[in-house]
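User: I'd like to learn how to read a structure, feature by feature. Can you take me through this one?

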Amino acid sequence: MTTLAPFARPLYVMLKPAGALCNLACDYCYYLEKAKLYQDNPKHVMSDELLEKFIEEYINSQTSPNVLFTWHGGETLMRPLSFYQKAVELQRKYARGRQIDNCLQTNGTLLTDEWCRFLHDNQWLVGISIDGPQEFHDEYRKNKQGKPSFVKVMQGINLLKKHNVEWNAMAVVNDYNADYPLEFYHFFKELDCHYIQFAPIVERLASHTDGRHLAAVDEDSKEGLADFSVTPRQWGNFLCTIFDEWVRHDVGNYYIQLFDSTLANWVGEQPGVCTLAKTCGHAGVMEFNGDVYSCDHFVFPQYKLGNIYSKTLVEMMYGERQQKFGLAKRDSLPTQCKECPYLFACNGECPKNRFCKTKDGEPGLNYLCQGYYQFFDHVAPYMDFMKRELQAKRAPANVMEAIRKGEIDLP
């Protein structure tokens, strides 16, 4: 297999400047355990030398005039503000006329006025991890002393608002908050948060991660999963309930990533979320020591592509191993998926969740399949309408008027 030419697609690598270090200890965090990969390293922090090497190479590897840096954790603010000030200086040094954008994901508890002034002045987009109202958020998002974190997160959000920092919300949907979709959605609207990402939590128990596939699951099955995992039925009901509220009142005003990505697939465009894309592999992740992995959810030794000190980003991200990783999502679908009328919308979702067997015993079915099918089947008439509007160069938000006129009936 030949190496994919660098100009074929954008190169995107997420940064972990503090590795898995975090001031919280959320029950469902999939990344805290990654610290075990580097037990021999006393400090899980990115050096200034590596920071400069990455920034220069990352910018020079791009063929687009726009370059996006995404800073992720662990908790990104475990690094001091001076680290990010240095990053901005280096970006300006190596930009060579390119437009540089930055996105930083944080739990928000360490934000200060000083941090927010920096974020505003440099036009950074901030993603805040918050799981809905206080009762829902504090169920699983606690600090290392077991104390809830909601109040501090809200203090951080208020600071972002005070300094007019652009921000959006990343909300984990779990077994608890999934049963209260409208309370969940209204909370974000009350916060005046217009960009929301829903992330369903599906976490397998260690005893069930040995490569085995679970038998076909029903809508409420959680065999081999952590208790906080959302069930297929919960996920489907959650999405459908919020969609019905959104499609009546909020299209074009509140942007829910999964709904936007579904519409993108409906019209044949690239979705904004990788889980619904046909292939994987376009978004790698670099740890604090320069190790590069295929994906943020596949930071395991077998998915390590190399280290930036021994291989270039282009070699790693366009190399044969990463190509195979990306194409495996498309090529490993079971027959049930290939025959599904909504394959174009789902594409089998994230490979990390494909640990079930179909009813015919074929491995590779996504655990959340039934929930997604329920959602796509439910939204199909509205997606069809919005697709026609887009094709006619009209606003998809016209769907709200069509519903009011009775041209489309909600179930």
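Analyst: Start with serine 229, which is buried at 0% relative accessibility. Buried means under 20% relative accessible area, exposed means over 50%, and partly exposed lies in between (1.4 Å probe, protein chains only). Two ground rules come next. This is a predicted model, in which local features need pLDDT of at least 70, side-chain atom pairs count only at pLDDT 80 or more, and totals for chains, interfaces and linings use all residues. Residues are numbered from 1 along each chain as its sequence is written, and side-chain values use heavy atoms, with hydrogens and water left out.

User: Is proline 334 buried or exposed?

Analyst: Proline 334 is buried, at 0% relative accessibility. Proline 334 lies in the loop between helix 10 (320–331) and helix 11 (335–338). Proline 334 and leucine 365 are 31 residues apart in sequence and 6.5 Å apart in space, C-alpha to C-alpha. Leucine 365 is also in its contact list, which leaves aside neighbours within four places in sequence and includes Thr358 and Glu362.

User: Is threonine 63 buried or exposed?

Analyst: Threonine 63 is exposed, at 55% relative accessibility. Threonine 63 is in the loop between helix 1 and strand 2 (66–71). Threonine 63 and methionine 46 are 17 residues apart along the chain, and their C-alpha atoms are separated by 26 Å. Aspartate 48, in helix 1, is partly exposed at 45%.

User: How many aromatic pairs are there?

Analyst: First the rule. Rings of Phe, Tyr and Trp (its six-membered ring) pair if their centres lie within 6.5 Å; planes under 30 degrees apart count as stacked, over 60 as edge-to-face and the rest as tilted. By this rule there are 44 aromatic pairs. One of them is the stacked pair of phenylalanine 54 and tyrosine 58, 4.9 Å centre to centre with 20° between the planes. These two are four residues apart in helix 1 (residues 48–60), so about one helical turn separates them. Phenylalanine 54 is buried at 0%, and tyrosine 58 is buried at 1%.

Another pair is edge-to-face: phenylalanine 243 and phenylalanine 259, at 5.2 Å centre to centre and 80° between the planes. That pair links distant parts of the chain, with phenylalanine 243 in helix 7 (residues 232–249) and phenylalanine 259 in helix 8 (residues 257–266), 16 residues apart. Both are buried.

User: Which ring does the charged end of lysine 16 sit over?

Analyst: A charge sits over a ring if NZ of Lys or CZ of Arg is within 6 Å of the ring centre and within 35 degrees of the ring normal. Lysine 16 has its charged end over the ring of tyrosine 31, 3.6 Å from the centre. Lysine 34 lies over the face of phenylalanine 300, at 3.5 Å from the ring centre.

User: How do I describe two packed helices?

Analyst: Use the angle and the distance between their axes. Axes are lines fitted to C-alpha atoms, for helices over the stretch in contact, and angles run from 0 to 180 degrees between N-to-C directions. The axes of helix 8 and helix 13 (residues 369–391) come within 9 Å and cross at roughly 65°. Among the residues that meet there are Phe259 and Trp266 of helix 8, with Phe375 and Met383 of helix 13. The contact divides into eleven nonpolar, one polar and two charged residues. Here Ala, Val, Leu, Ile, Met, Phe, Trp, Tyr, Cys and Pro count as nonpolar, Asp, Glu, Lys and Arg as charged, and the others, Gly among them, as polar.

User: What about the backbone?

Analyst: Most residues other than glycine have a negative phi, and most peptide bonds are trans. Glycine 73 and glycine 74 are joined by a cis peptide bond, with omega about 10°. Asparagine 164 has a positive phi, near 55°, and is exposed at 61%. Aspartate 192 has a positive phi too, near 60°, and is partly exposed at 49%.

Definitions and conventions. Contact means heavy atoms within 4.5 Å.
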